[in-house]
Amino acid sequence: MIIEALIAVTFIAAFVVMLAPDEVAGRLAAALSLLPVVGSLYMWSRFDATGNALMGGDIAFETMVPWLELGGYTLNWHVGVDGIGLPLVVLTTLLSTLAIVSAWTPIDERQSQFYGLMLFMEANLLGVFTALDFFVWFVFWEAVLLPMYFLIGVWGGPRRKYAAIKFFVYTNIASLAMFIGFIALVFGLGDSVSSLDMPAIAAALRAGELGSLYGIPAATLQSVAFIAMFLGFAVKVPIVPFHTWLPDAHVEAPSPVSVMLAGVLLKMGTYALLRFNFTMMPETATAFAVPIALIAVISVIYGAMLALAQQDLKRIVAYSSVSSMGYVILGLVAYTTYGVGGATFQMIAHGLISGLMFMAVGVIYNATHTRMVGDMSGMADRMPVTTGILVAGAFGYMGLPLMAGFAGEFFIFKGAFASTVTAGMPLYTAAAMFGIVIVAGYLLFAMQRTLFGAFRLETDYEVGPAALHETVPLAVLLVTIIVLGVAPDLFFGMIQDAVNPLLDFGGELS
Amino acid sequence: MPIQTQLPTWTAVTPTLLLALTALVLFLVDSIDPDSTRPTALAGISALGSVSALVVAGWFLLAGTGQTGSGGAIELYGGSIVVDGMSLFFTVIFASVAAMVSLASYDYLRDRTYQAEFYSLVMLAATGMSLMASSGSLVTVFVSLELASLPSYALVAFLKKNRGSVEAGLKYFLVGAVSSAVFAFGISLIYAVTGSLLLSEVAAAIGDAGDLVGVAGIGIVMIAGGFAFKTASVPFHFWAPEAYEGAPAPISAFLSSASKAAGFAVAFRVFAVAFPIDAVVPMGVDWPLLFAVLAVVTMTLGNFAAATQENVKRMLAYSSVGHAGYALIGLAALSGGGPNGSVMGASMAHLLVYGFMNTGAFLFIAMVEHWGVGRTFEDYNGLATQAPVACLAMTVFMFSLAGLPPFGGFLSKYALFYGAIQGGFWWLAAVGAINSALSLFYYSRVVKAMWIEDPSGTFDLGATPLGIYVAVLVAAVGTLVLLPAFGPVVETAQSAATALFA
């Protein structure tokens, strides 16, 4: 019942904060959001799942009660976590609290609504990462969009309306494509499934029980559904060429919302890709492995090149997300323990690091009211602590050893080189690794010009050190990043345990 | 223990009687103090009457009155009135909408004359709708249809000093009168062919129409036309935007939710029972095809018309035409031997959810009118800064009408499209899904105006009208709760609908 409690507490907190007066909303939201943090850490300490939730593993904290029946399909309230879901749950609760605290400075109007929506989004994200019934999962998945739409549209920058609508339209159409693809699969399975339970559907699909539907043969149906779902999730990740909503959304969103967007929302896409495309249809995934790997490489390189060309600090971090998420796709398509496990680990690592980067950029913006690289230099003189943390975060992004990003990328590359599934995988991996050089390039370039050198600022603001409540979330994130970098096994063990069952399909792979 | 073994059978119509009784009590109260300007008692009686009808109908529904499990449909007056799961289900819809409308009218009618008449007419119309849902013969269908329609004409024209209202009433009345005539003529043709007006006897006789197939076909089409008017389906939808826009906003809510549902109630029963597909379609009268065409045209036309509106109330009126198209799937996706009960049941469940979300949306507009804010999208700009809770409720209605997940409208649309696919009408579901996706465009415009746009002027909202406020919140909570509680609702509806095809 702890998962239900976690989700319910967060929903109730959202409601309470929504009704609270503006003056206390921020503090109240931060305090209440500690409850899910404690809950998720408790879950982590008591975690006892084995194997993959979708492949007959033992699921931790599982609940399954019938909800309703529609046309012969039972929909259940089915939640639980395995080694893939739990780290993301912890990431969600931790990052939400930190994002809420970091919002105290920049958010100065309609606070109770802002924090209420943040908590509402957190509750739905928790639902996404724990739901094991497709229908329940889809309800949460779509429900995440609504608060994000408002968070960008109401509190965002000058072009917020455009960015909010673009985000909403892109992701909503993507969801529709994905939904149709998945439902087509369920219909194609016919009598072999009687519910929309994800483990049941995964088992049926892997057992090859897909039949033809309206005269479309099973193989075609599976490929078409795979593509529809891949596109649906690809928009969320996002990968090139479906990434154009992301910079707009990021630049217009207030920093705490960017933290959530980059830190957690993008992971919904890769999480769903792993759960649906790569778990349920491994043969199709390997059949499409070469194009997917190519898309991943293009995302890495192109995203990094775009980042290199930006003048806006936030845009730099935003485009670098496209690049980093490309690594995750590369790891998934490798179909090795280290590849898929590393991809999952990289989801967490990127969530923390990009969260840190956006938050740090937000702190600088709060102080200077500009994000343009050309407008400032020598920030290190005035904001030494923030600068230090930002530099450390950037090193994490570049994959400096003993930081979480290194572990994630290392696992991915190790796994991808060893991949036997995809032809020419070492080549793609080598190409993708070149992305690291570009990442280092644009991060060092941007930091050298903004942080170091003589102090200069082209606005009228006096710049001093950041407030304590701005620094603490950054510090917490940095510590977490280092801890996970030094001891990746805090999560990597359970991730591997959940990932390993995926790899052995058709007897062709080791 | 089945309830009808303990009570006389006429008690099965208690919910309908309660509504009629409420109307009479309202007249009685009014005769004691005709010049009263204190509407509390009237609104209270009206709301209480509808809630008690709601409770009784819900209780009967749960107890299984007239359903397959406990002896089947209860027939009264030689089968002219039938109480079964379907009639009770629809009575629940009418009674809940009537209750919300009564509650909301309290503020809307402040300082107006003829208040008792207003509430009585609402109650009489609700009685007529409830009778429509339990009509077992074409005569009762016609009479109850008129009982529901005549008060509605008066209610639309209720603001008799307002040109829009009077014009709307006149338009509604004229189209209504013509469609009544068409409908009555259709009934007479069916009578000519079958020699009966009881639905079950019509069903038995229509297969032997022989040379009179053409007459029967014309009769069926004319009857379908009568329903198309009542449900505001294309091509008899022209009155709807005018009437909904001109009428007092609570009445728009009432008409577009309850009255429309009543039209569907009677259409479902008449076509499912009196014109069985297995008998009629081989004769060449393919009424499911007729409704399929109507459904596609209605939802597409309603949607596109809604997308071009600048006035929120008109947009809702056209979107309500679009929703009639979705509900028509319940008739269009029927086929001989298909999963007809589940399709029609899904349509009924959609009408219930629609009853909450659409009533809520119109009542929100009533509240905005009460505040004196304008009617266009621009006038709504920044309203959320002034009235966040009410705007939150409106947001729930809009997203639910668009069929987005965390709300009841998502599941009811899903069940509807799903039922159509199950019946083999995947193209119907596809048109519905595309329309539904497009509808997000104009629904989200309202949301965007309220929350994201900056206010163009300053608002002076004054005191919150308590009655409307409570009604809107009730509707919002209903829309939300119908997502987790959708299971029992759709199961009840589907088992009630399946009983018709037995």
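## Interface and salt bridges of a predicted two-chain model

In this predicted model, Lys161(A) and Glu453(B) form a salt bridge with their closest N and O atoms 2.8 Å apart; the term denotes a side-chain nitrogen of Lys or Arg within 4 Å of a carboxyl oxygen of Asp or Glu. Two salt bridges are counted between chain A and chain B. Helices and strands, taken as DSSP runs (H or I, at least four residues; E, at least two) and numbered from the N terminus, locate the contributions of chain A: strand S1 (60-70) and helices H5 (134-143), H6 (145-155) and H7 (160-189) each supply at least two residues of the side that touches chain B. H7(A) gives the largest share of that side, nine residues. By class, the side comprises 20 nonpolar, four polar and five charged residues, where Ala, Val, Leu, Ile, Met, Phe, Trp, Tyr, Cys and Pro count as nonpolar, Asp, Glu, Lys and Arg as charged, and the others, Gly among them, as polar.

The contact (heavy atoms within 4.5 Å) draws 29 residues from chain A and 33 residues from chain B. Together the chains bury about 2,800 Å², 74% of it on carbon and sulfur atoms; buried area is the accessible area (1.4 Å probe) lost by two parts on being put together, summed over both.

Over all chains, the structure holds 16 salt bridges. Two named pairs are listed below.

| Salt bridge | N to O distance |
|---|---|
| Lys161(A) with Glu453(B) | 2.8 Å |
| Asp82(A) with Arg275(A) | 2.8 Å |

Asp82(A) lies in the loop between strand S2 (73-81) and helix H3 (85-102) of chain A, and Arg275(A) in helix H11 (residues 255-280) of chain A, so this pair ties together parts that are 193 residues apart in sequence.

The predictor assigns the complex an ipTM of 0.83 and a pTM of 0.89. Chain B has an average pLDDT (the predictor's confidence in each residue, from 0 to 100) of 88, and 98% of its residues score at least 70. Within chain B, mean confidence is lowest in helix H11 (residues 277-280), at 84, and highest in helix H5 (residues 138-156), at 92.

Residues are numbered from 1 along each chain as its sequence is written, and chains are lettered from A and ligands numbered from 1 in the order in which they are written. Local features need pLDDT of at least 70 and side-chain atom pairs count only at pLDDT 80 or more, while totals for chains, interfaces and linings use all residues; side-chain values use heavy atoms, with hydrogens and water left out.
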